[in-house]
Amino acid sequence: MLAQALIAAARTVPVSRVLHSLHAYFLLPGRTDIPIVYDVEAVRDGGSFSSRRVVARQGGNVIFYLSSSFHEMEEGFEHLDPMPEHVPAPEECPTLGEVLFEASGRPVSFWEREWGALDVRYVGDSRPGGALVNARRPAHSRVWVRTNGRLPGDRRLHQAALAYASDLTLLGATTVPHGVFVGLNVHAASIDHAMWFHRPFRADEWLLYDQVSPSASQGLGLATARLFQNGILVSNVAQEGLIRPLRKP
């Protein structure tokens, strides 16, 4: 829904205006067997910015909201965080499906059924004995991610693809200190999701997704993340979601 809503909004904005931020709320689960209708409201078109609001409806119910802002490219101040050092290359890392197979015994094909459009390699996390153990950051994980196939050059499509990819592993960072896995022994659901796009990138080339969870409490987990490509910071992400332990019957 996030990626599709972004495309719907972008189609109402001049190509010269580039998406720089989005804020989304997931209200109800969507279904894959009936259509979703996306209504775009042109909130404002100013001299430099365009604002769009998207409402997604399915079966007569509002299931998702998106607010997005587009900006005319201009010159300005420039600084950025450096990319983390000593990160193993994607080819040296196991796939996410392999990591979840080791944790669950379920075949890789089971886990990749949902995200076959993505190629995800697990760098490591801060579980006991993990590659990112740090007493000051108990919930930290990293993955490499890209689309599983080449995309056309349309910048809007690459932003939508990255938004889609950003939702796959981020909430999982909130469960790292607790010895559980989203999709295995945790019921998880995205509630709100925010992204900021800083610089051009390609979603079909490797991006390092550096994820940290500063807090989890009362059934909710918060995670923030940075996305780097070729050593350059291209996006920041924040998400809060439900992380409810699955209780055995």
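Modeller: Two strands count as paired if DSSP finds at least two bridges between them. Strands (E, at least two residues) and helices (H or I, at least four) are DSSP runs, numbered from the N terminus.

Biologist: Which residue in β7 is the bridge partner of Leu 22?

Modeller: Met 195. Strands β1 (residues 17-26) and β7 (residues 186-197) pair in the antiparallel sense over five bridges.

Biologist: What are the ground rules for the model and the numbering?

Modeller: This is a predicted model, where local features need pLDDT of at least 70, side-chain atom pairs count only at pLDDT 80 or more, and totals for chains, interfaces and linings use all residues. Residues are numbered from 1 along each chain as its sequence is written, and side-chain values use heavy atoms, with hydrogens and water left out.

Biologist: What is the strand order in the open sheet?

Modeller: Its ten strands run β2-β3-β4-β1-β7-β10-β9-β8-β6-β5, with antiparallel pairing. The edge strands, β2 (37-45) and β5 (118-125), each pair on one side only.

Biologist: Now helix α1. Which strands does α1 lie across?

Modeller: Helix α1 (residues 2-10) lies across β1, β2, β3 (49-58), β4 (61-72) and β7, at about 50 degrees to β4. Angles run from 0 to 180 degrees between N-to-C directions, with axes fitted to C-alpha atoms, for helices over the stretch in contact; contact means heavy atoms within 4.5 Å.

Biologist: Different topic. Is Ser 141 buried or exposed?

Modeller: Ser 141 is in strand β6 and is buried, because its relative accessible area is 2%. Buried means under 20%, exposed over 50% and partly exposed in between, with a 1.4 Å probe and protein chains only.

Biologist: What is Ser 141 in contact with?

Modeller: Leaving aside neighbours within four places in sequence, the contacts of Ser 141 include Tyr 122, Leu 132, Val 176 and Tyr 209.
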